[in-house]
Amino acid sequence: MRPLPEAAGAREVQSSPRSSVWRLEYGGAAVVVKQATGGDDAQARFEREITALTLAARSGGVPPVARVIASDAGCRVMVLEHLAEAPAPADWAVRYTDALARLHAATGPADAGALPRWQGPTEADAEAFAGFAGALGVPVPARARAEISALVERLGAGDHHALLHGDPCPDNVIVTRQGLRFVDLEQASLGNGLMELAYLRTGFPTCWCALGIAPAMLAEAERRYRAIWRVLTGTDVQGRLADACAGWLLRGDALVERARRHTTDHLAAVLRDDWSWGVAGARERLAHRLGVVAAAEEPDLAALAALAGAVRERMLTRWPGLAPLPPTRP
């Protein structure tokens, strides 16, 4: 893409290394211009995001995403509505799930194949978690191993068609006077919305901004999500939130930023070293997720819950300085 003309008031803004973003005036209105750059998958990421934005914009009223004004597939450029930010409300988590439910409900069975299917944890993830527990001196009973294998199978099954953001982090949602709106959908997929509703319980596992939402706020946010999904789809949410939370516990790659994923066994790395990512350390993130799974009350996750609790206690004994996740957005 050629440099944007100075006469348009173009100003480059901070973005990920995989995209270039400008803010400028277009047709008398402020817009955002985004170009997918870097990596062999730049074209695929552009197409994925455009498809997701188009699908999400079909809902009536204000969409839960920025509107697409124009796009050029050849240059991998999209012109998006500029979202003017407003102060975050005290019930930010509830408003977040309002927008998340509307995003998820934007697609259905007729949209199968429009986006890649969401990919859950694998048996390799399960083995890595068992290895982490064993290295801490916590035995993994046969029943727990069986529950983990069954969990992996459940999360990989089912024919779900919710429009998943792929990285629904606090910094990928803009608070506006018309509600919360999502941006940066280049990792969008189709799957079970519970995998992203679980972000609030599990501390936003793919995000630099890890949060520990207060229990009362969390309960209200999850209730609102289910209510809005019911209104928009006429159905109840399928699946179990406890399964989704346990799935995020198994994924060691959810302890590091995207550029470092699929490079090593990050659960094993936690034994040797801790590292900061955003507002929390890897061990603090993991301890939070272990506590969530330890509180699961599903009978067929009882052994895994007990294992998670034992691993968490061993972590807190070995590294007593671990702090809880911060309760509010920075």
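The model is predicted, so local features are given only at pLDDT of at least 70 and side-chain atom pairs only at pLDDT 80 or more, while totals for chains, interfaces and linings use all residues. Residues are numbered from 1 along each chain as its sequence is written, and side-chain values use heavy atoms, with hydrogens and water left out.

Helices (H or I, at least four residues) and strands (E, at least two) are DSSP runs, numbered from the N terminus. Strand β3 (residues 29-36) has 6 of its 8 residues buried, where buried means under 20% relative accessible area with a 1.4 Å probe and protein chains only, exposed means over 50%, and partly exposed lies in between. Two strands are taken to pair if DSSP finds at least two bridges between them. Strand β2 (residues 19-26) runs antiparallel to β3, with 8 bridges joining them, and Trp 22 stands opposite Val 33 in β3. The β2-β3 hairpin has 2 residues between its strands, and Gly 27 in this hairpin adopts a positive phi near 65 degrees. Strand β5 (residues 77-81) is also antiparallel to β3, through 5 bridges; Met 78 in β5 is the bridge partner of Lys 34.

Helix α3 (residues 123-135) comes next. At the start of α3, a side-chain oxygen of Thr 122 comes within 3.3 Å of the backbone nitrogen of Ala 124. Just after the helix, Gly 137 has a positive phi of about 85 degrees. The buried residues of α3 include Phe 129 and Phe 132, and their cover includes α4 (142-156), α8 (241-250) and α11 (302-318).

Leu 197 lies in helix α5 (residues 194-197) and counts as buried because its relative accessible area is 0%. Contact means heavy atoms within 4.5 Å. Beyond residues up to four places away in sequence, Leu 197 touches Thr 97, Leu 100, Glu 222, Tyr 225 and Leu 241. The C-alpha atoms of Leu 197 and Pro 168 are 9.4 Å apart, although 29 residues separate them along the chain.

Thr 202 belongs to helix α6 (residues 199-202) and is buried because its relative accessibility is 1%. Its side chain reaches the backbone oxygen of Ala 198 at 2.7 Å. Leaving aside neighbours within four places in sequence, Thr 202 is in contact with Cys 245, Trp 248, His 288 and Arg 289.

Notes
Polar contact = N/O pair within 3.5 Å; in protein donor to acceptor, adjacent residues only side chain to side chain.
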